[in-house]
Amino acid sequence: MSTIETVAEPARRTELYGTFDVVVLGGGPAGIAAAVAAGRAGAATLLIERYGFLGGMGTAAGVTNFCGLHANRFGQIDQVVHGIADDLLNGIARLDGLKEPHTVFGKIQAQAYDTAAYKLAADQLLLDAGVKILFHSLGAGVLMSTERQIDTLFIETKSGRRGVRGRIFIDGSGDGDLAAWAGAPYELGDGAGSMMFPSTMFRINDVDRDAEAARAWEPIAGMMQAATRDTGRQFPRQTPIIRPQKHGIEWRANITQVGNKDGSAVDGTDADQLTNGEIEGRRQVRDTFEFLRQNVPAFANAYIVDLPPQLGIRETRRIVGEYQLSEDDVLQCASFTDTIGVNGWPIEDHVAGDIIFRWPDIPGSRGFNHLPFRMLLPKQVDNLFVVGRCASMTHRGQSAARVSGACFVMGEAAGTAAAMVVQSNGVCRDTDVSTLQATLARNGVYLGTDM
């Protein structure tokens, strides 16, 4: 076993940035909804984001597509995620950046957006809610006042290292950073060291304007299979997802799959793996785009207009909470008495070389599962909620509820509950769930209790 070389850092006193009722780490859909909900409820709220814009993987990784806003209820596809999500959608639409929902695999819908409009609308949503935003700030550790209570979150900013005190903290970091630093138990991947594979997304411009009407994406999978059969050419994965954006000459491509040299998935909490993954992902973009240009007539004159700031991470740490949402919960459309909203997205497991989808009974079921409040409550920490893809789920349960629709649901519930806890001067797990549910319903959230 190699010895890790260390250096001794001198002790220092860190400047306090401020003290807030609610501190949210991470500005993805879960963090956005959490901060807006807390701010609207009157809590002094700070949202901390590592980039200079909001949106999480939706903007920083170029996802450009809301999944999980809809469910297939007995054969009819309906939007089931509302509340703050609606406010954001309306803001994007006012900027002419929201495309109408499109059907995926004939069973569910997703909705594309322009990343610029998302960033602008999200800024305004938070500012209107009275939330203080701190960009270009990376979480770096915590100071605990007791074994179960976070006192201060340390951040590294362009102004130097700072401390932020809060009464309630919300971890929307995606990687569960804050919860892990605070001592909450967590799992990494499937328990055997395997995580869902990440992808490098990219956007393509100057696509033939008639390509969408001609459904130019449909033959691409067959072209890839033929190339593999006829020439032995290998692709990062077998299932390409390539679709048009709001404006027809621009398309998004989700076709890569990034692993390590040993074939394992890149671990987004490992700096070396993440670095190599960024380089490998861009190499895959170069190669797959060239294949598209050579083989898809609609892309003959197209070019890559955007490579996003980072690799698209699907799974790292999953915090162990009071309940772990499971694959069975998703497939069996489970109900929970402490529902805070619903998830209508299926199991979407990114395994080596492909994507495996598993669906509830469609059209024979309501097509969604409840999301229980308990999945936001990490064990061993009293003043913390965990939201988004790092919330308390099993490996396969997370493959469904990591998408943006469920993240909006978790975030709004956590922010609303955080403001309640501040007012009661209690701890997170003592939240009155019936009062929380009534507040969420009053604010437009669909709890899924009518079927």
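## Basis

Local features in this predicted model need pLDDT of at least 70 and side-chain atom pairs count only at pLDDT 80 or more, while totals for chains, interfaces and linings use all residues. Residues are numbered from 1 along each chain as its sequence is written, and side-chain values use heavy atoms, with hydrogens and water left out.

Strands (E, at least two residues) and helices (H or I, at least four) are DSSP runs, numbered from the N terminus. Strand β7 (residues 108-112) has 5 of its 5 residues buried, so it is largely enclosed by the rest of the structure. Buried means under 20% relative accessible area (1.4 Å probe, protein chains only). Ile108, Ala110 and Ala112 point one way from β7, and Gln109 and Gln111 point the other way.

Strands pair if DSSP finds at least two bridges between them. Strand β3 (residues 65-67) runs antiparallel to β7 and is joined to it by 3 bridges, with Cys67 opposite Ala110. Strand β6 (residues 102-104) also pairs with β7 in the antiparallel sense, over 3 bridges, and Thr103 stands opposite Gln109. β6 and β7 form a hairpin with 3 residues between them. In the turn, Phe105 has a positive phi of about 55°.

## Packing of α6 and α7

Helix α6 (residues 220-231) packs against helix α7 (residues 271-295) at an angle of about 105°, with the axes 11 Å apart. Axes are lines fitted to C-alpha atoms, for helices over the stretch in contact, and angles run from 0 to 180 degrees between N-to-C directions. That makes α6 roughly perpendicular to α7, a term for angles of 65 to 115 degrees.

Ile220, Met223, Met224 and Ala227 in α6 meet Phe291, Leu292 and Asn295 in α7, where contact means heavy atoms within 4.5 Å.

Notes
Parallel < 35°, antiparallel > 145°, perpendicular 65-115°, else oblique. Buried < 20%, exposed > 50% of the residue type's maximum accessible area, 1.4 Å probe, protein only.
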